[in-house]
Amino acid sequence: MNVKKILICILALVLLCGVFMLLFVHVSLQSRASSAQTEQAVWPQEGIQPFRLPVIPDNLTLPEQRANYLALHYWDYYDFTDTTCISRPQETEQILSDYIHVLPHTGEQTAQVSVAKLLSYAEKRQSMFLFVANLLEKYLYDPNSPFRNEEYYLGALQYIEASPALDKLQKARFAYQLQSVLKNRKGTKAVDFTYTLADGKRSRMYNLKPAYVLLYFNNPGCRTCEEVQAALEASMVVSSALKYNRLKILAVYPDDDLREWESNRTRMPTGWINGYDATQSIKEKELYNLRAIPSLYLLDKDKTVLVKDGTVEQVEALLERE
């Protein structure tokens with residue numbers, strides 16, 4: 001075979017691979033948005049159409065434009081009149097999981113509007129409205145959910161608060177959650193509190209004056225706390241910020257068993273401020289809603305919340321920006 005034929009064969013293979021890759025990406029995107037879009041796996045009953053995605057207009061070419069459109073129209077073809085889905089929630093949960101993967105590609109405001117729009121579709125039937133609201137709570141608010149995002153959930157809570165679909169009693173849980181989400185919210189001033197050191201001296205969190213303060217609410221003996229503490233100690237970004245006095249870490253024990261705290265306080269790294277809440281105001285007055293321990297809050301020099309109940313990776317990302 002001469003060189004020309006070899007080149008033609010190679011070109012043909014490259015083009016063929018390109019076609020297959022495009023097909024693979026297309027199928028993958030369809031599957032992410034609805035894993036049961038084919039073979040009518042989502043709606044198996046006769047006469048019920050399977051869930052399908054909206055068609056994104058061709059004139060939307062930028063990735064964020066396309067993501068925004070998809071987020072705002074994602075549920076256009078979901079059958080909110082089919083209340084039988086309440087008895088088989090796993091199907092809707094798969095669709096919801098795929099939907100949540102779209103939201104990070106939009107702005108926070110668009111995500112909130114999108115979540116509120118989802119509830120508006122379900123509002124005509126109270127049972128469906130509660131079904132969707134409960135799923136959003138499970139995925140966006142539960143501290144054990146990998147999709148947890150209070151900013152997205154805020155759109156749902158604000159819609160529920162104003163909706164006539166539920167009475168005051170039915171809204172009570174969501175009203176409490178709304179207060180929690182708005183408390184120490186990202187971009188707002190963190191609530192000040194007093195902490196006590198091992199020698200009995202007390203100080204206020206606002207007295208700390210570095211560029212950043214990391215609040216580390218923890219419990220001695222908590223396995224997840226140990227993992228988070230180890231990750232903070234191993235972080236080069238955190239270590240550098242501590243070394244150059246750009247960061248102070250305030251470890252706070254919010255419970256009342258001081259024997260537990262005393263027996264474990266020497267395990268806290270040197271250079272960290274290790275205190276406890278002697279007044280129990282953090283919990284009793286709910287200054288911080290510690291739904292899960294440990295809990296990390298990163299504040300700037302003005303005590304504005306940069307990361308609320310976040311991860312070590314989120315803290316590192318903020319510190320690296322400076």
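Is Leu 247 buried or exposed? I started my notes with this residue. Leu 247 is buried, with a relative accessible area of 1%. I am working from a predicted model, and I keep that in mind throughout.

**Entry 1: Leu 247**

I placed Leu 247 in strand E4, which covers residues 247–253. I then looked up what surrounds the residue. Leaving out residues up to four places away in sequence, I found that Leu 247 touches Pro 210, Tyr 212, Val 213, Leu 214, Val 238, Ala 241, Leu 242, Leu 298 and Leu 319. I checked one of these partners, Val 213, for distance. Leu 247 and Val 213 are separated by 34 residues in sequence, and their C-alpha atoms are 5.7 Å apart.

**Entry 2: the whole chain**

I stepped back to the protein chain and counted 12 helices and seven strands. Of its 322 residues, 44% are buried. I also looked at how far apart in sequence the contacting residues are. Taking contacts between residues at least 6 apart in sequence, I noted that 65% join residues at least 24 apart.

**Entry 3: H4 against H5**

How do H4 and H5 run relative to each other? Helix H4 spans residues 108–122 and helix H5 spans residues 126–140; their axes come within 8 Å and cross at roughly 155°. Angles over 145 degrees count as roughly antiparallel, so H4 is roughly antiparallel to H5. I recorded the crossing of H4 and H5 as right-handed.

I listed the residues on both sides of this contact. H4 contributes Val 115, Leu 118, Leu 119 and Ala 122, while H5 contributes Met 128, Phe 129, Val 132, Ala 133, Leu 136 and Leu 140. By class, the contact of H4 with H5 has 10 nonpolar residues, no polar ones and no charged ones.

**Entry 4: H3 against H5**

I looked at H5 again, now with helix H3, residues 89–102. The axes of H3 and H5 come within 11 Å and cross at roughly 55°. H3 and H5 are therefore oblique to each other. This crossing of H3 and H5 is also recorded as right-handed.

On the H3 side I wrote down Pro 89, Thr 92, Glu 93, Leu 96, Ser 97 and Ile 100. They meet Phe 131, Leu 135, Leu 136, Lys 138, Tyr 139 and Leu 140 in H5. The contact of H3 with H5 divides into eight nonpolar, two polar and two charged residues.

I looked up Asn 274, which lies in strand E5, residues 273–276. Asn 274 is buried at a relative accessible area of 14%. Apart from residues up to four places away in sequence, Asn 274 touches Thr 196, Leu 197, Ala 251, Trp 261, Arg 265 and Met 268.

Asn 68 came next, in helix H2, residues 63–73. Its relative accessible area is 18%, so Asn 68 is buried, the cut-off being under 20%. With residues up to four places away in sequence not counted, I found Asn 68 touching Thr 106, Gly 107 and Thr 110.

I then checked Asn 184, in the loop between helix H7 (168–182) and strand E1 (194–196). Asn 184 has a positive phi of about 50°, although it is not a glycine. At 4% relative accessibility, Asn 184 counts as buried.

**Entry 5: further backbone geometry**

Which peptide bond did I note as cis? The bond from Ile 293 to Pro 294 is cis, with omega near 5°. I located Pro 294 in the loop between helix H11 (281–284) and strand E6 (295–300).

Asp 309 has a positive phi, near 45°, and is a residue other than glycine. I found Asp 309 in strand E7, residues 305–310. Asp 309 is buried, with a relative accessible area of 14%.

**Entry 6: cysteines**

How many disulfides are there? I recorded zero disulfides. Cys 222 counts as buried at 17% relative accessibility, and Cys 225 counts as buried at 3%.

Key:
Residues are numbered from 1 along each chain as its sequence is written. This is a predicted model: local features need pLDDT of at least 70, side-chain atom pairs count only at pLDDT 80 or more; totals for chains, interfaces and linings use all residues. Side-chain values use heavy atoms; hydrogens and water are left out. Axes are lines fitted to C-alpha atoms, for helices over the stretch in contact, and angles run from 0 to 180 degrees between N-to-C directions. Helices (H or I, at least four residues) and strands (E, at least two) are DSSP runs, numbered from the N terminus. Angles under 35 degrees count as roughly parallel, over 145 as roughly antiparallel, 65 to 115 as roughly perpendicular and the rest as oblique. A crossing is left-handed if the near helix is turned anticlockwise from the far one by less than a right angle, and right-handed if clockwise. Contact means heavy atoms within 4.5 Å. Ala, Val, Leu, Ile, Met, Phe, Trp, Tyr, Cys and Pro count as nonpolar, Asp, Glu, Lys and Arg as charged, and the others, Gly among them, as polar. A disulfide is a pair of cysteine sulfur atoms within 2.5 Å. Buried means under 20% relative accessible area, exposed over 50%, partly exposed in between (1.4 Å probe, protein chains only).
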